[in-house]
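Hi,

Here is the structure I promised to pass on. Have a look at it first, then read my notes below.

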Amino acid sequence: MLLTTRIKRSFRKHPTFRKLIYSFPFRLVLLDIKKNLLLVVFWFLFFGIITNSVASRYGVAYLFLGPEYFDKISFLSYFILGFSCGGFIMAYNIASYIKNAFRFPFLATLRNPFLKYCLNNFFFPLLFITLYCFLVFSFLKGEDIMSTYKIFLMIVGFLSGVAFFLFVSFTYFFKANKDIYKLYGIQHQNEMTQNVKTKVMQGERNPRLIKESRDWYVETYFSNFTKIRLVRSVQHYKKEMLKDVLRQNHHSAFIFQIITIISLLGLGLLSKIKILEIPAGASVFLLFTTFIMLFSSFYRWFRGWSTIVFILFLLSFNYLHKIQFLHSENYAYGLNYDIKKAEYSYDNLKVMDKQYSNLKKDIDETLQILNKWKAKNTSSIDPNKKPKIIFINVSGGGLRSSLWTLSTLQYVDSLLEGKLLSQTQLISGSSGGMVGAAYLRELYLEKQKHKISSYYGEEFQTNISKDILNPIAFKVATSEWLFPMQNFVIDNQRYSEDRGSAFEHKLQENTHHVFDKRLDDYKLSEANSDIPMMVFSPSIVNDGRKMLISPQGISYLSMNAIMDKTQYNKLFDAIEYSRFFEEQGAKNTLFTSVLRMSATFPYISPIVSLPSEPRIEIMDAGLRDNYGLETSLRFIKAFNDWIAQNTSGIIIIQMRDKHKNIPIDENPTQTLGQALTRPMGSFYGHLFEVQDYNQNQQIQMADLWCKSQIDIIDLELRNELNDRISLSWHLTNKEKKKVLASLKLPTNQEEIKRLVKLLN
């Protein structure tokens, strides 16, 4: 014990060691780690994001490293990101100052105490900015989209944004903050005395700097970027005078916070203005800036009780959302929510399952579609030659699946001179894949109407791969965390402007409003077999059932098959959307809402509520059937005889956003936390692989009942674990190139050759 004490004293007397441990910057870092861990956690979160250590699967890092504004990376996009980062840095400094300044009474005796505090509270901000600039340079070099000079220009843009916000902020604080000399009219003294300097350099502790046990001992501080000064005694000042200075500074900081929060909420009211679609990374900075400012505002009023009060506030705010005025549900636009709601009960499901008149009607109408399909695809030269019938299954996966589906089907259809889409009867699947397939189908229809000359152009790939996240993130950052503050009207129905509407508006904008249609607008085109049928199958959150959406009657996909030899307690695993919500105007649903229901990625686009009692909530189709194979097999079984008699076989094309045969996990030494979470985490992490195994069994069973030859073509996106393409509504330039390059994979080329051979 005596030896330890001597070692401590020896270190304390060492000049270099003393300069470090008793310097103001070092003490502030220790204080944050000890007393203000929440602020440190925010910094660690951002460090994790930009280094791609946090949410790497979803490409969150690229929202910061390659911010897009008006669909391109530019000086302005980095400036906006830097400006938002400057706001977060200022929020961090204000929160830290409000919580920590009272521990350093000497601050009150300095000119511009808040500026001096920020200058010494540089460790985390400076480390973040330095690391960020290095990572931006590395990222842009890897993207190979600009010269080294332009890369440095982008970094300058970011630094300029940070500097500009700090300049605006400190301009306010220069005028609003007062030190003890301005507040009381005391004549200013020199900030350093030779007496104190001598004692410090000799390693002696200055007892006059210690006023209370809660104060933190400091000997040196940065007076500006180049000068280090010694802390002088505040013993001759009255404690109340020092406290008054800090109170006045806190008050001006509080006013700055309120102005900032109100400004952000005000921006939420203007979110539909195009220039406010700022980079998603900037919106994330704004969101965390708001959280920090709210928390530090609570601390100003409640001090030591601030944490528990803030938690109680969040809990209360959570329950306040049950109030109709504050509660915000997301709706499928075009549905009528004001009339009597559909009954969602087992009794009603049983009734619908036995409506055989609907079943016969739907089968007859679909047979007419199939006959028109056959007439369209029968060769006039050889009318006895039966065509192959094609089913396209597309997987979810955000923009990567949208681009992969569109570009690959464009390429294959061009090779076959239009035969691919002509011979396709049904498209099914989930999320981004269905968005890409719907876009291609719409272009195919426009080509038939002579609105466009070709649907193979690269501009369509550019359109479908444009960012969708920016307006969604801005909505969350400025208004939706509170409650939506704007509404819009469709068919006399009022809906909230939220993430859902932002998604649909942006998708419409990116695709030049080709989806400006209702669900029923596709009924005739599908009925005439001008375009393939599409069946969307989002999942019902309440119980995991499918909600099957199509403009056609498709009860044969939702009703249980009539069985003579087997008696059992039947389940109802699917609901036909158009009939279940017929009275609520299902046919008038905006097609963009149908696409969104199938692609409701949690936390990005909101869960959709439907007009039923109890309320049905809808989310991504991938939860039940990511590839749409189950829907295709049900259709094939329903029309098994017709397909056998009128076609030469079935081709199922699976557009997969990952490899079918994934690498087998290694078994490294696990931490205790990994060991505890692995059983459940591993299962849910391999949800889509589990679907593959189940569907593999369905395919084997289909061999027993299907009367036609089935050929399955797997087209796989190159998406390795160590080089993933983001599961996101934002793609980098490098990721887009990787998606397009996947067509050249030998396995894909072999599958395409096999497909061409089957169709020729």
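Helix H21 passes helix H22 in a right-handed crossing. Keep in mind that this is a predicted model.

To find the pair, look for H21 at residues 469–480 and H22 at residues 499–510. Two packed helices are described by the angle between their axes and the distance between the axes. Here the axes come within 9 Å and cross at roughly 150°. Angles over 145 degrees count as roughly antiparallel, so H21 is roughly antiparallel to H22.

Which residues of H21 and H22 meet? On the H21 side they are Pro-471, Ile-472, Lys-475, Val-476 and Glu-480. Their partners in H22 are Arg-499, Ala-502, Phe-503 and Lys-506. Sorted by class, the contact has five nonpolar residues, four charged ones and no polar ones.

Now for some empty space. Rolling a probe the size of a water molecule over the atoms shows where such space is left. The second largest pocket holds about 1000 Å³ of it. Its lining is made up of 22 residues, and those nearest the centre are Met-559, Asn-560, Ala-561, Arg-634 and Lys-637.

Which helices each supply at least two residues of that lining? They are H16 (356–377), H24 (555–558), H28 (629–638) and H31 (687–705). H28 gives the largest share, five residues. As for the classes, the lining of this pocket has 15 nonpolar, three polar and four charged residues.

Happy exploring!

Technical notes:
Residues are numbered from 1 along each chain as its sequence is written. This is a predicted model: local features need pLDDT of at least 70, side-chain atom pairs count only at pLDDT 80 or more; totals for chains, interfaces and linings use all residues. Side-chain values use heavy atoms; hydrogens and water are left out. Axes are lines fitted to C-alpha atoms, for helices over the stretch in contact, and angles run from 0 to 180 degrees between N-to-C directions. Helices (H or I, at least four residues) and strands (E, at least two) are DSSP runs, numbered from the N terminus. Angles under 35 degrees count as roughly parallel, over 145 as roughly antiparallel, 65 to 115 as roughly perpendicular and the rest as oblique. A crossing is left-handed if the near helix is turned anticlockwise from the far one by less than a right angle, and right-handed if clockwise. Contact means heavy atoms within 4.5 Å. Ala, Val, Leu, Ile, Met, Phe, Trp, Tyr, Cys and Pro count as nonpolar, Asp, Glu, Lys and Arg as charged, and the others, Gly among them, as polar. On a 1 Å grid over the protein atoms alone, a cavity is a set of points where a 1.4 Å probe fits but cannot get out, and a pocket is an open set with protein on both sides within 12 Å along at least five of seven lines; lining residues have an atom within 4 Å of a point. Grid points are joined across faces, edges and corners, and a volume is the space filled by probe spheres set on the points.
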